[in-house]
Amino acid sequence: MEKKWWDASVVYQIYPRSFQDSNGDGIGDLKGIISRLDYLEKLGIDVIWLSPVYKSPNEDNGYDVADYQQIMPEFGTMQEMEELIKKSAQRGIKVVMDLVVNHTSDEHAWFVEAKKSKDNPYRDFYIWRDPVAGHEPNDLKAGFDGGSAWEFDEATGQYYLHFFSKKQPDLNWENKKVRDAVYEMMNFWIDKGIAGFRMDVIDMIGKKPDEKIIVNGPHLHDYLKEMHAKTFGKKDLLTVGEAWSANEHEALKYTKPENKELNMVFQLFFSQLDQFPDKDKFFTKKLNIAGIKELFNRWQMALNDKSCNALVLENHDLPRTVSQFGDETTYRIESAKMLAIMLYMLKGLPYIYQGQEIGMTNHRVTSVDQIDDLESINFYQKVIASGQLTKQEALDCINKKGRDNARTPMQWDDSLYGGFSTKKPWLAINPNYQTINVKEALEDENSIFYTYQKLIRLRKEKPAVVYGDYHLVLDVDPEVYAYTRTYQGQTLLVVANLTKQTKELSLPKYGLQTALLSNYAQGVIDLSHKVLKPYEAFVIEIK
Ligand code: GLC
Ligand code: CA
């Protein structure tokens with residue numbers, strides 16, 4: 001595969017609302033991010049992916065954009081955005097923007113116009129249908145509340161489509177004017193010196209609502225090819241699609257370089273290993289931890305040298321990984337480090353979500369008024385109204401899977417409000433900030449933070465981490481993930497016990513070795529007979 005500027009990079013996702021408040025209003029902002037660039041430099045990351053900072057009424061915390069070319073006043077100004085790009089660049093850090101173009105806010109000027117009349121020039125920017133026998137055009141459901149995806153507009157007598165909240169009307173990508181307006185906006189940001197785009201629910205832009213096709217519509221890939229040609233194609237930018245529907249074969253359609261679409265898509269199926277195939281994500285079953293190995297292995301094999309994996313375990317939509325896949329009490333540190341070693345030594349580009357590098361955990365709420373996330377609130381109301389769950393059961397579900405778990409403020413130190421703000425934050429801070437915080441992590445040489453720092457460094461020091469061929473090691477326990485990475489005569493062996501149980505490991509061909517990196521103090525490791533401790537993980541350079 002062609003070499004790219006980001007091959008040895010690591011991306012760090014910032015959820016601006018919760019990263020750092022600079023002016024004491026309880027809401028994170030751009031100046032706050034700028035003030036923490038030293039920290040990011042110390043961690044060693046190369047790229048920031050900024051969740052949306054555009055003007056928005058915050059129905060869905062910025063994923064409902066009212067103006068793509070203005071900054072949300074709560075976050076700061078365009079000048080501060082430019083300063084962030086500049087000051088990051090001075091530290092060798094690039095900035096990737098979130099591109100939310102499946103839908104806009106209903107407060108976007110396009111929609112305000114579109115609503116005015118059926119013959120308004122912007123009407124066709126959105127998807128309008130006449131009622132059928134006085135009802136919705138069909139039974140398509142919206143993602144966030146399971147209600148209809150069609151909202152009736154009294155004034156003009158038609159329904160508009162919204163796959164998320166009704167304040168997030170879907171754009172009509174079949175309209176060339178929409179596509180051109182989006183490309184123009186993208187070029188505006190490219191000219192500001194950004195390094196790429198993370199594309200929100202991009203698998204939905206080719207939808208055919210009349211045929212009830214939501215993802216992977218017939219023209220999806222045509223639109224992405226057109227976007228590539230008209231915006232980032234010649235600029236060598238980093239593009240990553242959020243495509244929940246993409247299995248490894250679909251992923252290749254987006255990402256094979258010769259297709260001229262995107263560089264990579266997120267692999268997100270791992271987050272569903274505790275879910276039922278046909279139920280709401282909030283109803284969980286016992287986690288199938290061996291599924292992690294099966295999934296990541298499958299993607300490694302399929303993408304291999306054809307295109308790039310996006311290595312991710314956390315983001316602003318998912319629970320915290322130590323809580324979901326590790327152990328947030330007895331083995332919090334060991335399991336957080338294990339998950340990092342297991343994931344970031346794979347082939348692909350690593351993404352770290354703010355707080356993951358210090359092992360932040362889920363945050364439990366005790367009543368619905370403590371919840372901000374729209375999706376969780378809708379779920380709660382639905383299951384209470386239908387009598388399906390008691391209040392406590394509904395909260396238990398939300399505490400496991402709700403999106404607020406990852407959105408609580410960044411825990412910087414043990415002062416009131418965790419160093420995030422001087423005022424009560426917009427969303428309560430996790431009470432464990434007094435022990436789990438950046439200050440504590442930086443002072444402890446064995447902290448999770450330094451495992452991340454070392455992993456990032458290894459990437460720069462050992463080409464095998466970036467370019468090495470991937471091979472699954474067979475003949476190990478199904479709940480132990482072991483693989484090798486080989487490049488120009490150098491072989492790295494990665495072993496991760498995914499569980500709390502001890503596990504036997506026997507790889508006689510490797511014999512006695514020492515670890516480059518591990519989550520337990522290690523002397524010489526005898527790989528012909530090794531008993532792995534709970535969540536034990538290590539990287540060895542085979543000698
Ligand atoms: C994506 C975002 C999520 C948002 C949704 C609608 O899944 O990551 O936060 O709510 O799209 O824009
Ligand atoms: Ca602020």
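A residue counts as exposed when its relative accessible area is over 50%, as buried when that value is under 20%, and as partly exposed in between. Lys260 has a relative accessibility of 52%, so Lys260 counts as exposed. The value is computed from the coordinates shown above, which are those of a predicted model.

Lys260 belongs to the loop that runs between α7 (248–255) and β11 (264–265). The backbone at this residue has a further feature: phi of Lys260 is positive, near 50 degrees, and the residue is not a glycine.

Asn216 also has a positive phi, about 55 degrees, although Asn216 is not a glycine. To find Asn216, look in the loop between β9 (196–199) and α6 (220–230). Its relative accessibility is 29%, and Asn216 therefore counts as partly exposed.

Thr104 is a loop residue too, placed between β5 (94–99) and α4 (109–114). Here the relative accessibility is 0%, and because buried means under 20%, Thr104 counts as buried. The side chain of Thr104 has a polar contact with the side chain of Tyr126, at 2.8 Å.

The remaining part of this account concerns the ligand. Ligand 1 sits in the largest pocket of the model. Around ligand 1 there are 14 residues, of which Asp60, Asp200, Glu242, His316 and Asp317 come nearest. Sorted by class, this shell consists of 7 charged, 5 nonpolar and 2 polar residues.

Glu242, one of the residues that come nearest to the ligand, places a polar side-chain atom 2.7 Å from an oxygen atom of ligand 1. For His103, the distance between a polar side-chain atom and an oxygen atom of the ligand is 2.9 Å. In the case of Arg198, a polar side-chain atom and a ligand oxygen atom lie 3.1 Å apart. How much of the accessible area of ligand 1 does the protein cover? On its own, ligand 1 has 310 Å² of accessible area, and the protein covers 97% of that.

Definitions and conventions
Residues numbered from 1 in each chain as written. Chains lettered and ligands numbered in written order. Predicted model: local features only at pLDDT ≥ 70, side-chain atom pairs only at ≥ 80, totals over all residues. Heavy atoms only, no water. Near = heavy atom within 4 Å. Polar contact = N/O pair within 3.5 Å; in protein donor to acceptor, adjacent residues only side chain to side chain. Areas by Shrake-Rupley, 256 points an atom, 1.4 Å probe, with all protein chains shown as cover. 1 Å grid on protein atoms, 1.4 Å probe; cavity = no way out; pocket = protein on both sides within 12 Å on 5 of 7 lines; lining within 4 Å. Sits in = over half its atoms within 2 Å of the grid points. Nonpolar A, V, L, I, M, F, W, Y, C, P; charged D, E, K, R; others polar. Helix = DSSP H or I, 4+ residues; strand = E, 2+ residues; numbered from the N terminus. Buried < 20%, exposed > 50% of the residue type's maximum accessible area, 1.4 Å probe, protein only.
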